[in-house]
Amino acid sequence: MKKILMLLLITLLCGCSKYEGTWCQKNEIFSTLVILEEDYTSKEYNNILNKVQGLNYLRGYDVVDDIEKGNTTINIYFNNKIGMNSSEEVLKDLDGIESIEIKSFEVTSQKLVIEDDTYNYGLNLDNVDAKEYKGKYEESNNVLTLGDFKLYYKDKLLCLDSECTSFLVKSKTDDCN
């Protein structure tokens with residue numbers, strides 16, 4: 001009985017709410033890493049880039065030249081797993097390519113940190129147009145208002161719309177890992 005009363009007292013004193021903590025939304029990124037041979041020709045390079053630009057479900061690509069005496073690499077990003085998986089078949093027999101690696105990984109796309117009555121909300125964290133919003137939030141009937149944003153608390157999720165088609169999940173850590 002003493003333990004229950006102590007826990008209740010600590011909860012009341014800390015002012016903790018079901019909203020406090022770090023909330024995250026992650027996206028899976030699908031990519032192919034193409035490592036070029038050391039002595040590729042400009043004709044081979046142009047042919048490889050033409051094939052890359054014609055890949056299905058292409059989201060974008062970056063060319064990284066000779067980092068720390070390494071080979072030139074092309075990082076290719078796809079909208080889905082189908083594009084990533086089919087890229088190896090399209091590129092594998094091209095001259096000038098040393099190796100191809102396909103991989104997917106998760107990145108945090110949104111992060112909301114709520115402490116006391118304040119918030120820090122990062123949007124589009126997986127893109128160059130990332131934005132950050134800070135301020136005080138208001139809560140009424142399981143709806144959080146963060147400036148111009150409304151989030152809906154349902155089933156221990158913070159939903160981005162009232163139907164909960166997209167949501168943030170409470171993280172066990174402060175950094176969404």
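1. Basis. The model is predicted, with local features requiring pLDDT of at least 70 and side-chain atom pairs pLDDT 80 or more, while totals for chains, interfaces and linings use all residues. Residues are numbered from 1 along each chain as its sequence is written, and side-chain values use heavy atoms, without hydrogens and water.

2. Helix H3. In H3 (residues 81-91), Gly-83, Met-84, Ser-87 and Leu-91 are buried (under 20% relative accessible area, with a 1.4 Å probe and protein chains only; exposed is over 50%). They lie on the same side of H3 because their arc around the axis is only 100°, taken from the directions from the helix axis to the C-beta atoms. An α-helix has 3.6 residues a turn, so residues three or four places apart point the same way. Ile-82 and Glu-89, on the other side of H3, are exposed.

3. Cover of H3. Strand S1 (21-36), helix H2 (42-53), strand S3 (73-78) and S4 are among the elements covering the buried residues of H3. Helices (H or I, at least four residues) and strands (E, at least two) are DSSP runs, numbered from the N terminus.

4. Thr-22. This residue of strand S1 counts as buried because its relative accessibility is 4%. Its contacts (heavy atoms within 4.5 Å) include Lys-111, Val-169 and Cys-176, leaving aside residues up to four places away in sequence.

5. Largest pocket. Strand S2 (58-64) and strand S4 (97-115) each give at least two residues to the lining of the largest pocket.
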